[in-house]
Amino acid sequence: HAGGSSSASSRSRGGGSPPPEERRAVAAFSSKLDLFNTDADTAAEDAESFEPSGSAIPEHLLDPITLGIMRDPVRLPSGKTLDRRTVERHLQHHSTDPFTGLYLRREDLIDDVR
């Protein structure tokens, strides 16, 4: 086109890298996509191991985030109970309690045997 060139057209001709805000947006999207893929893999594993029993599964046995059956329940300092895998996946990307947003370390998890 006539006049100046846009950054998109200069990139399409091989000039320069994307602006920082675009790189950050791509990185954020990539991180969310990784979490989605991990959650999808976990859901597939849970579906493969699901054994219908003819009765409803008691709610206290279900992870409140994945809604899968908790195999290794742990209690957070906030009092919420989750499956250890759910919390550890969360802690790979965040250092907070998924419910309260308060700082959380793996050492803060307490085995929750009911």
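**Close-up views of a predicted model**

The protein has three helices and three strands as its secondary structure; helices (H or I, at least four residues) and strands (E, at least two) are DSSP runs, numbered from the N terminus. This is a predicted model, in which local features need pLDDT of at least 70 and side-chain atom pairs count only at pLDDT 80 or more, while totals for chains, interfaces and linings use all residues. Residues are numbered from 1 along each chain as its sequence is written, and side-chain values use heavy atoms, with hydrogens and water left out.

View 1. Of the 114 residues, 17% are buried (buried means under 20% relative accessible area, exposed over 50%, partly exposed in between; 1.4 Å probe, protein chains only). The protein exposes about 8,200 Å², and carbon and sulfur atoms supply 55% of that area (Shrake-Rupley method with a 1.4 Å probe). Taking contacts (heavy atoms within 4.5 Å) between residues at least 6 apart in sequence, 31% join residues at least 24 apart.

**View 2. Three strands make an open sheet.** The strand order is E2-E1-E3, with antiparallel pairing (two strands pair if DSSP finds at least two bridges between them). Strands E2 (81–83) and E3 (110–111) are the edge strands, each pairing on one side only. Strand E1 (residues 73–75) joins E2 in the antiparallel sense over three bridges. If you look for Pro 73, you will find that its bridge partner in E2 is Asp 83.

View 3. Spanning residues 84–93, helix H3 lies across E1, E2 and E3 and runs at about 85° to E2. Here, axes are lines fitted to C-alpha atoms, for helices over the stretch in contact, and angles run from 0 to 180 degrees between N-to-C directions.

**View 4. Asp 108 sits in a loop.** The loop in question is the one between H3 and E3. A polar atom of the Asp 108 side chain lies 2.9 Å from the backbone nitrogen of Arg 105. Leaving aside residues up to four places away in sequence, Asp 108 touches Arg 75, Pro 77 and Tyr 103.

**View 5. Lys 32 belongs to helix H2.** This helix covers residues 20–49 and includes Lys 32. Lys 32 counts as exposed because its relative accessibility is 60%. The C-alpha atoms of Lys 32 and His 93 are 9.8 Å apart, although 61 residues separate the two along the chain.

Definitions and conventions
Polar contact = N/O pair within 3.5 Å; in protein donor to acceptor, adjacent residues only side chain to side chain.
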